[in-house]
Amino acid sequence: MAKKSVTNTTGKVSRKWAHGMRVLRWQCAPVSPMWQSTEDYVSILLVAVCTALAYLGCAADSIAAGDSGDIVVSAVTGSTPHPPGYPLVSIFYGTTVWMASRFAPTVPPTFICSLTSGVLGSAASCMLFLACRRVSDNAPSVLFTCLYSWGRHIWSYSIVPEVFALNNFFVCGALLFVAHNMTRPHGFTVASLRAGALLFGLAM
């Protein structure tokens, strides 16, 4: 019985080791250089244009469900939304509403905030594509970005005034930061770690 138990254990370890080696070889598979062909330029352009047209074309021109009303009131009056206050959201959306009131005073603030969410959502998709492209080839990167961009929650929060569009923007920026530094010849530097700490803090 003891000999049989040892044999079974050895077989399980061998299978796990073989599986780990297959995963390692897949992770270390060579990736085609970035920006060496027109595919990368076309892909990032398509991601930017398609997501921007989709999000901006569906942007809400009235108060939607959730915290949209709170965010719009905060942007217009400069007040503080419900806890935890979202200071960065208030500053960002308030700035866009203030600028729009100077150049397009007839556009409703709610629509301006929705457009701002759409721009942030499109920029997040672009950064996610660049992050994926750092560690994978063009086609998988486009596929993953499309699955993300057309996801139910990402879509619904990129067309209304909400806090999640700005959060997604910083999170995708953090992913791009990690992918970029991990694939550099010298890896992370002290300066990049400081910038990353700031970026990750904003993404929280």
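Predicted model: local features only at pLDDT ≥ 70, side-chain atom pairs only at ≥ 80, totals over all residues.
Student: Ok. How much of the chain is made up of buried residues?
Tutor: Buried residues are 36% of the 204 residues. Buried means under 20% relative accessible area, exposed means over 50%, and partly exposed is in between, with a 1.4 Å probe and protein chains only.

Student: How many salt bridges does the structure hold?
Tutor: One. A salt bridge here is a side-chain nitrogen of Lys or Arg within 4 Å of a carboxyl oxygen of Asp or Glu. Arg133 pairs with Asp40, and their closest N and O atoms are 2.7 Å apart. That pair links distant parts of the chain, with Arg133 in helix α5 (residues 109–135) and Asp40 in helix α2, 93 residues apart.

Student: Is Arg133 buried or exposed?
Tutor: Arg133 is buried, and Asp40 is too.

Student: Switching to rings. How many aromatic pairs are there?
Tutor: Rings of Phe, Tyr and Trp (its six-membered ring) pair if their centres lie within 6.5 Å; planes under 30 degrees apart are stacked, over 60 edge-to-face, and the rest tilted. By this rule the count is eight aromatic pairs. Take Tyr55 and Trp155: their ring centres are 5.7 Å apart and their planes sit at 75°, so this pair is edge-to-face. Tyr55 is in helix α2 and Trp155 in helix α7 (residues 152–157), so the pair links distant parts of the chain, 100 residues apart.

Student: Why does Tyr55 count as buried?
Tutor: Because its relative accessibility is 0%. Trp155 counts as partly exposed because its value is 26%.

Student: Let's go to the surface. Which residues form a nonpolar patch with Val49?
Tutor: Leu45 and Leu53 do, and the three have about 300 Å² of accessible area together. Patches are made of residues with over 30% relative accessible area and no salt bridge; like charges are joined within 9 Å, and nonpolar side chains (Val, Leu, Ile, Met, Phe, Trp, Tyr) within 5 Å. The areas come from the Shrake-Rupley method with a 1.4 Å probe, and for residues only the protein chains shown count as cover. Val49 is in helix α2 (residues 38–57).

Student: How much space lies in the second largest pocket?
Tutor: About 200 Å³. A pocket is an open set of points on a 1 Å grid over the protein atoms alone, with protein on both sides within 12 Å along at least five of seven lines, and lining residues have an atom within 4 Å of a point. Grid points are joined across faces, edges and corners, and the volume is the space filled by probe spheres set on the points. Its lining includes Tyr86, Pro87, Phe170 and Met204.

Student: Where does Tyr86 lie?
Tutor: Tyr86 is in the loop between α3 and α4. Its phi is near 45°, a positive value in a residue other than glycine. Tyr86 is partly exposed, because its relative accessibility is 24%.

Student: Which peptide bond is cis?
Tutor: The one from Pro83 to Pro84, with omega near 10°. Pro84 lies in the loop between α3 (68–77) and α4.

Definitions and conventions. Residues numbered from 1 in each chain as written. Heavy atoms only, no water. Helix = DSSP H or I, 4+ residues; strand = E, 2+ residues; numbered from the N terminus. 1 Å grid on protein atoms, 1.4 Å probe; cavity = no way out; pocket = protein on both sides within 12 Å on 5 of 7 lines; lining within 4 Å.
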